[in-house]
Every structure is written in structure tokens, then in C-alpha cells.
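Let's take a friendly walk through a protein model and see how its side chains meet. Keep the picture open and look for each residue as it comes up.

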Amino acid sequence: MMDEKLDALVARRDELATLMSAGDGGGADDYVRLSKEYAELTPVVECIEEQRALEAEIDDLEAMASDADSDEEMRALAEAELKDARERLPDIENRLKILLLPKDAADEKNAILEVRAGTGGDEAALFAADLFRMYQRYAEKQGWRFETMEVSDIGIGGYKDATAEISGKGVFARLKFESGVHRVQRVPETESGGRIHTSAATVAVLPEAEEVDVQIDDKDLRIDTYRSQGAGGQHVNTTDSAVRITHAPTGIVVTQQDEKSQHKNRAKAMKILRARLYEAERQAMENERAQTRRSQVGSGDRSERIRTYNFPQGRVTDHRISLTLHKLDRVLEGEALDEIVDALVAEDQAARLADLG
């Protein structure tokens, strides 16, 4: 049964290659669609071919090792190579299983990042700004585009909330486990007594939705315009360029005021609204699936405490997978964040492989 499935995948990859080279895919849109499917199938087929080549090699080596007519030295050599080949096979089989796991439709999407200060007053706002910069540095190291959409600055370098659009290859797949409550333990710069304070910030990573992903009826929207306000209450400009969009069916409210153009603020607000509605639909579907799952890396629930950044001890702990790194500075610089992300992705893959079993 599995062999038939693998044969079908190889045949489909070959069919796509033929269609693309012959130009039989239709128009430009069809060619892009075929190219995307071909790119997705290629690593799977390469792994299938690698596994089958190794299995054929094992068969040949077994025959050589058991051939009574071969001299002793040849049999010993075949047995040594056979042992090595058998040890390599489980790794390839596991890689293939992971490649065959059902894909999250949102994995290749860009993301909307939202960071909000939680409990802890000014210290929470300063931590929210630290997290926002951490993701900005991480995005730069990944070669992604990081565009700040809106920042509510409290005036001392802290952020009440901040939103950014992150674009690039596999953005959501890498960042989707960052949603939740991030906690910080450190001595505030304003604290003369040197007492450690605990405060928190909330992170939400939403897949950026296209218009085709989410249908929004104009009659469900209430759009208000007002004058943009800067830090301290001064007017950023003298026109009603700020936009507040309320989605009546869900009660979701999105505001945008960073642009001087009302049209640009409205476009940004609609982008965020689409992302929130799309994520709400994804979460509803995921929650249904989760009823039958015994283990989850994280629900993406913003109220779930996922990570603690302890400054006195220089460590970061991800509570979902009990991972602690004693390299806090490098995590906040975006350098060591990959170690946490890789571990979360691996844990999610292991949980999903276990579910298949």
C-alpha cells in the first residue's frame, strides 16, 4: 500500500516535469501552480529514490555476504558495508515519514507579528520592545523582510504594543510556535533596591491571509476615521488619517495610524483583520483535531505561558518542551533563537508521527 503511494508521488513529479517542459500547463498562473507543486514534491521524491537505492544496495550486500562461493575477505567486506547501510536506513525512513506528514496549509505564508505588554507596567513594555527587536533581528538573519506596521511607544523605549509584517520563505512554519505569554525575570533599571521583578508580554503570530483565504462582507465592517495621535498626545498630523475597523460578527477591532494616508492605514488594517479572522478559523479546526491528540507543542493560545527569560541567571526556558539555554543574550540577539525553534518543530513532528502510529 505504501509502495503504491510512493510510486504515485514519483509518477506525479515526472508528469509535472513533462508538463512544464512541454508548456502544456496552460497560462502563466497554471505554470506557477505546477512549478510550486513540483518544488514541493521534489524533496519527497529525492528521499524516496535515496531510500530505494539504499534498500537495493542492502539486498545486493546481503547476497554477497551470504554467497558461499565468494572468498572470505569479500564476504567480510560486504558484511561491514551491510552493517553501515542498515544503520543509515532508519534515518532515511524517518526523514521520508516527516516529509509525508500532512502539511499545514499556512506554513509557507508570510506572518503578522503582534507583541503586547502584559502585567508589569513599564517593565513589561520594555520587555515587549526587547521581544519585538528579537524577532526583527531573527528575521534579518533568516533573510526575511520585516516591516513595522504600527508601534504604540510609551516614551521610555518600551512598547505598549507593536505589529509587524514578516515576509519570506517558510516564515509562518518557523514562527508559529512563538504565540503565547513570554515572561521576563530581571532587575528593572529604575529599581534601586536590586529586586528581581517578573513581568510578561504576549506574542501572537498570525498567518497572513490572502483575500481568497477569507471572505469579508463589507456590510459587516464599521470603519471610523480620526486624527492620529503621537506619544504624549500630540497630533501626528491634522487630517483624519487614522483608521479603526470593527468586524461586527466577531467583534474584532483593528486600528492603524502610522501612515499619513488614510488609504494606506485602511489597507494595513484590513491585512491585519484578514490575518486574525484566518487564524481564528485555523484555531477552530486545530482545536477539533486536538481533541484526539494526546500531545501538543502548543495550542497557540495567547494565554498560555510558553517561555521565561531569566536575566540574573542568563537563561531562557521553553516550558512546553522543558528546554533551557544558558545563552539569553544570544537568543535576544536573534542568533540562538533557531535552537529553540528547531526543537519546537522537531517536537511537533514527533508528536504528529506518534499520532500516525
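## Rings that pair up

Across the whole structure, a search turns up 4 aromatic pairs. Here, rings of Phe, Tyr and Trp (its six-membered ring) count as a pair if their centres lie within 6.5 Å; planes under 30 degrees apart are called stacked, over 60 edge-to-face, and the rest tilted. Take Phe127 and Tyr309: their ring centres are 5.4 Å apart and their planes sit at 65 degrees, so this pair is edge-to-face. It links distant parts of the chain, with Phe127 in helix H4 and Tyr309 in strand S9 (residues 305-310), 182 residues apart. Helices (H or I, at least four residues) and strands (E, at least two) are DSSP runs, numbered from the N terminus. Phe127 is buried, at 0% relative accessible area, and Tyr309 is buried at 0% as well. Buried means under 20% relative accessible area, exposed means over 50%, and partly exposed is in between (1.4 Å probe, protein chains only).

Next come Phe132 and Tyr159, with ring centres 5.8 Å apart and planes at 75 degrees, so this pair is edge-to-face. Phe132 belongs to helix H4 and Tyr159 to strand S3 (residues 159-167), so the pair ties together parts 27 residues apart in sequence. Phe132 is buried at 2%, and Tyr159 counts as buried at 16%. Ring pairs also join Phe132, Phe146 and Tyr159 into a cluster.

## About the model

This is a predicted model, where local features need pLDDT of at least 70 and side-chain atom pairs count only at pLDDT 80 or more, while totals for chains, interfaces and linings use all residues. Residues are numbered from 1 along each chain as its sequence is written, and side-chain values use heavy atoms, with hydrogens and water left out.

## The overall picture

The chain has 8 helices and 11 strands. Of its 357 residues, 40% are buried. A contact means heavy atoms within 4.5 Å. Among contacts between residues at least 6 apart in sequence, 61% join residues at least 24 apart.

What about the outside? The chain exposes about 19,500 Å², and carbon and sulfur atoms supply 48% of that. The areas come from the Shrake-Rupley method with a 1.4 Å probe; for residues, only the protein chains shown count as cover.

## Inside the cores

A nonpolar core is a set of buried Ala, Val, Leu, Ile, Met, Phe, Trp, Tyr and Cys residues joined through side-chain atoms within 4.5 Å. The largest one has 59 residues, and those with the most contacts inside it are Leu113, Leu131, Tyr135, Leu273, Tyr309 and Val331. Helix H4 (residues 121-142) gives the most to this core, with 9 residues.

Which residues does Leu131 touch, not counting residues up to four places away in sequence? They are Val115, His182, Ala201, Val203 and Tyr309. There is also a second, separate core of 21 residues, which includes Leu6, Leu9, Cys47 and Leu96.

## Charges that meet

Side chains of opposite charge can pair when their charged atoms come close. A salt bridge is a side-chain nitrogen of Lys or Arg within 4 Å of a carboxyl oxygen of Asp or Glu. A search of the whole structure finds 32 of them. In one, Arg52 meets Asp7 at 2.9 Å, N to O. Arg52 lies in helix H2 (residues 28-65) and Asp7 in helix H1 (residues 2-22), so the pair ties together parts that are 45 residues apart in sequence. Arg52 is partly exposed at 30%, and Asp7 is partly exposed at 39%.

Glu335 and Arg330 also form a salt bridge, at 3.3 Å, N to O. Glu335 is partly exposed at 43%, and so is Arg330 at 38%. Elsewhere, Glu123, Asp130, Arg133 and Arg186 are linked in a network of salt bridges. Arg186 turns up again with a ring: its charged end sits over the ring of Phe311, 4.8 Å from the centre. For that label, NZ of Lys or CZ of Arg must be within 6 Å of the ring centre and within 35 degrees of the ring normal.

Most residues other than glycine have a negative phi. Ser322, though, has a positive phi, near 50 degrees. Ser322 lies in the loop between strand S10 (315-318) and strand S11 (323-325), and it is exposed, at 65% relative accessible area.
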